[in-house]
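Here's a quick tour of the charged side-chain pairs in this one. Have a look at the sequence and the model, then read on.

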Amino acid sequence: MEKAILGLLVLGGLCAGLQLRNGAYEDFVVRITEGVPVKDCRIVLDNLEETLTTASQYLFSALDSRAFLRSATVLLPPTWPDSCASSPVASGSGEAPDVTVLPRGPTRGRIFTQQSLGCGQPGDQIYLAYESLMQRDGTLARSLVKEFAMYRYGVFEEQGYYSDPIYPMCFYDDQNKKAKATGCSDHPINDLGICTSDSKTPYNTTKMVSAVARSSIMFAAEAPQVSMFCDDGNHDRFAPTKHNSMCQRRSVLDVILKHQDFNSNNQINNVNNDQLVDTTIRITYKKQNLTRYVFVLENTKDMMQRDSWNYLRLALKYWALTTMPDNSEVGIVLAEDTSKKLLDIVSVKNNNKDEGSNRDKFYSKIPYTPTDTLRPGCLDCAIKDAADMLIERTKNHGAANNVIVVIAAGMNPSEQLTKVMEKVKKAKIKVATITYPTMMRSDLLNPLAEQTGGVAYTVFERKLNVDTTLLSTYFELKNALNDIVQRFYSGTIADLPIEIHRREITDDGRSSITGSFMFDTTVGKPSQFTFFTHNSVTPLIKSLKLVSPSLQTFSERNDRYLDLKMIRLTANISESGTWTYSVEPYPGNPQPHFLQVTATPISATAPVVRARFWTHKNQPNGPLILLVEVKKGEIPVLGAKVEVTVTKPEINGSYPHKNHLELLDTGAGDPDITKGDGVYTRYFSASDSGPGLYNFEVVVTDNGNTAYTWTDSAKFDDNKPCCGSTIASSGVTPVSPFQRVLPKITMMVTSQDIAAEGQVPAGRIGDLKSHVIPEDMKARLSWTAPDMSGHTVSRYDIKYASSVQDITDGFETVAKSWDNAQPFPLAPGSETTFTIDMSQNKDLLDKPLYFAIKAYPKFSSDLSGPVSNWIRVLVPSPPPPPTVPPTSPSHEQPFWPNSNANSVGVNPVSPSISKTMGVGLELILPIVIGFILLIILLIVYCYFCILKKRHHRDHHKKSSGSIKNDKLSSTITIVPSSPQNVPQTQNTYAAADMPDPHQIGVPVKYEYEEDTKKRYSLVNQQEQQLIEELKQQQMAQRELGTPNNGYQGLSVISSSTLNRNGHTLSPYNSWSASQLLHEHERRHSPLEAMDDQMSPHQDLMMTAPDHMSLNGQNMDHMSLNGHHVPDHYQSQHVPPPVPPLPAFNNGYPVNYNIYGVHQGNQQGHPIYQSMQRSGEPLVPFNPSLQGSLSSVNSGDKKRRNVTMV
């Protein structure tokens, strides 16, 4: 859907009221804010008068009799009684403050100046903490002169700042081979040890300057002997001060004398003579009580564009009924062929809003339709009559904030109009303009606002079809009139409601549209939830619903302003938290709807989030700077998202060019001056889209609940001056979610403007820093990618030299380029790093070098930005090998000495681990690539491991089918032993269920060679269980007196065998070769010979039993060593003798169970009891039988050698 265009232009003359006339400044304005305790009003005002008087004298001396303060106005809060002032209190005329006295001390010190523009440009405001006025302080006047120079002339401080890498407290002077304090003076500066000692020495510039020094005010204004600014004779051009960085190393006095105040017309006659001048300041006390508005409306046919005139009448009616405050007066003049007064100035104070009031008279005087004349209206005639009306009213009824509101379809410049504007400026009347409904003349109305310090808006009518205008035109016109009241209100700004949520609703196919907004604790009633609809007769809306944070629902409508195309909900919107709403519009509506939520600050001191938008050019033909200030009360909001939507409308009403810019608070110096001051900036260039009319719409949000501000309890340390490249605070606090939509700025950009700005260098890098990595012989440079007049960087030119003068003055001629590599260009505002590798140029090691950078934009390969700030880099040679004795330490110092906390820099001789951890692209990319390759290799390795395990599992299933059918968890190895070798006094324990050749005294063939670890664990676990069962059986037999006549033909060898060096030894490890050979020969026998030698017991044992219990498990058969016992193994056998223990030099006890073999009664164990049938006695094996059961079961008839055993 099409949108209306609204534009706002706030002209940069923030200190336009302050003027230098005949060598004296007049109308210097100081505003006391709400929140300053009224009980201290007399003390504050008395000390303020003394401070202003002393400051006037000090300024006169500092400027060599060129200027002083002649008059000042102190604006009192509306809540203060007139008795606080020492003279009568008059009514204010809308004076703009130069100094604001805050109710609490800011974290930036007792007094500071907010500067958002470049060198030689005016500051935004001087802020003063009221605590500074609670006692007499002679240094406060000197500090005020210093801040006045920054505010009026655009100079900057010449001191260093604590922990500031750009503007440090100390720097190293290679010429004199010593560290120096950053500053400017006509005599040497004593650093008081802050540059050479590790002690926490207070930073006191008053004590640092010489007792006979006279400069500089920008370094030590509080010193009583200092009375001058640094000039070209004593200015240190190469000191890393903020003034040198911002003003191209010009002296402070040179910048001041180049200011427009000191041209030939303003020079006082007594400069450099002996004439006495009274520098006493005259102070007037005022209160802003009243605002007068005179509307100048063009009444021609050009004002009738479909519904445009009707929308104007509706918007002015709503403004008169609800928006205009009670302390207002209003009148109307029509601009036709001549001027026509419709309504003389009338007051609406104490006027009820019923029928017949002056509010009704105002909008009722507006004609229903404009005239049919095609000639432009006589604006100069109408403006002249409006000015005469305000001047006459002021004479008769006193001063007020006089404002002329001009609404017309553009203007044609003329000599008559110029003369009228001179009269308006002389009467201190401000002009607010609204170019509406279209630009039918040669120019916008913006110049009228520029000349008077007013504001300018542009609202273009947007059509739906040939007969209908879009509702967005009315919505934007209504908001423009509301913003005029916000700008010129006489009183506490907290009295007026602010918009906290806005949304456009169009027909996108949804039957219900929902949303939410945050209602924080700083706002409350009166508050309104307003829905704008085009059709006021039958609104195309089904329902409106609003739900509070406590889930209370509001849906009752209020149609009081339905004829003004507004529907309100009768709701008590005061509960803090997240409110939700739902809207059900009828489908098929081509007109948009708008939803708007307003609320009022709960008190005059409530810290409400506010934002303002303005533009500026640091040079007449320079690039355009967009600036947005975001504050919560008087404290800056950091981390906010400030997005500017730039559109360029065409004649046919289309928007072919649309761009989004995010403003930045980087403190890089161009265009953003200081980081953390709540001012977000960005350059804009129209070179890509060409000349034409441009609109700038700003939306400020909390950036996904990441915005924050300083804590109220944050205090300022006087020993740490603030603020250089950034503003730091001792504490921060998050900001509640918010949304602020600012009025648009609309301006015309010509082809001459585009050509001129392309010739002005911009995009200076002002935050170049370095970090030395001595162990790698490298130095890492870092900076913020500059904004190249609205373009991105195409390339950088990095150069170095052996002295500061060569890198600054001789960047193009003397300095050498670093050609080994080039930085990668990034988007404006991005952190950029580049590594200087000295290993490729080892002849540069151990030498102090000075680096600087220039950036080149994409649109031009020849025009570069200014040279950056310089940095000193000293990369030492690598340390000698450990065998070489250490050499004496180097006396070279880094760029900023790192000897104490008051200096900033990196000592290249003493690297730290934390500082060598670089995060440049050249380090990050190899790490990321290596990590990805490592992950791929691990995945491949795991994949093949899974395949291998599957292969072994399949092979195991095929080779051990009989074991799977066995219900035992593992194999039992039963070793037969001869009766003659078995002592009858020992107990026999059950074997483990998973025998291993290295744990059991009989070598067996095991099917699971790859599962050794599992086998060991199962053996030990089940063996111990069997041993415990045998012990219990033996104890039971002894108690019952059972004779020891059990079976002694089986010897079960457990895993508790001989251990050596923590490892279990098998017979292979513990027997001698002769023992192994004897056992092999004893066991070797043909399988056929076993049939005739089976004992009755063996016949009984080898016969398949009906049931066998082993270790608590049921078995259908007996499995020996993992094999079935053959049916033909039925003859009598006697187990072979167990070989004797191996001999060791150290010996073992006689009863040491080195293999875990225990002889004795085995009848009590269930395994042996289950082998008996019908009470038959067990018959021992035939001792002449050779060969183990494993050999018999395997069916192997081959002769084995010792190695196979």
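Is Asp82 buried, partly exposed or exposed, going by its relative accessibility? At 45%, Asp82 falls in the partly exposed class. Keep in mind that this is a predicted model.

## Asp82 and Lys287

Asp82 pairs up with Lys287 in a salt bridge, with 3.2 Å from N to O. Asp82 sits in the loop between strands E6 (71-75) and E7 (89-91), while Lys287 belongs to strand E13 (residues 282-287), so this contact ties together parts that are 205 residues apart in sequence.

## Arg152 and Asp261

Next up is a salt bridge between the side chains of Arg152 and Asp261, at 2.8 Å from N to O. Arg152 comes from helix H2 (residues 138-153) and Asp261 from the loop between helix H6 (252-257) and E13, so the pair links parts 109 residues apart in sequence. Here both Arg152 and Asp261 are buried.

## Lys317 and Asp563

Lys317 and Asp563 also meet in a salt bridge, this time at 3.3 Å, N to O. With Lys317 in helix H7 (residues 308-323) and Asp563 in the loop between strands E25 (557-558) and E26 (566-569), the pair ties together parts that are 246 residues apart in sequence. Asp563 is partly exposed, with 42% relative accessibility.

## The wider tally

How many salt bridges are there by this rule? The count comes to 39. There's a network too: Arg21, Glu26 and Arg70 are linked by salt bridges.

Note on methods: Residues are numbered from 1 along each chain as its sequence is written. This is a predicted model: local features need pLDDT of at least 70, side-chain atom pairs count only at pLDDT 80 or more; totals for chains, interfaces and linings use all residues. Side-chain values use heavy atoms; hydrogens and water are left out. A salt bridge is a side-chain nitrogen of Lys or Arg within 4 Å of a carboxyl oxygen of Asp or Glu. Helices (H or I, at least four residues) and strands (E, at least two) are DSSP runs, numbered from the N terminus. Buried means under 20% relative accessible area, exposed over 50%, partly exposed in between (1.4 Å probe, protein chains only).
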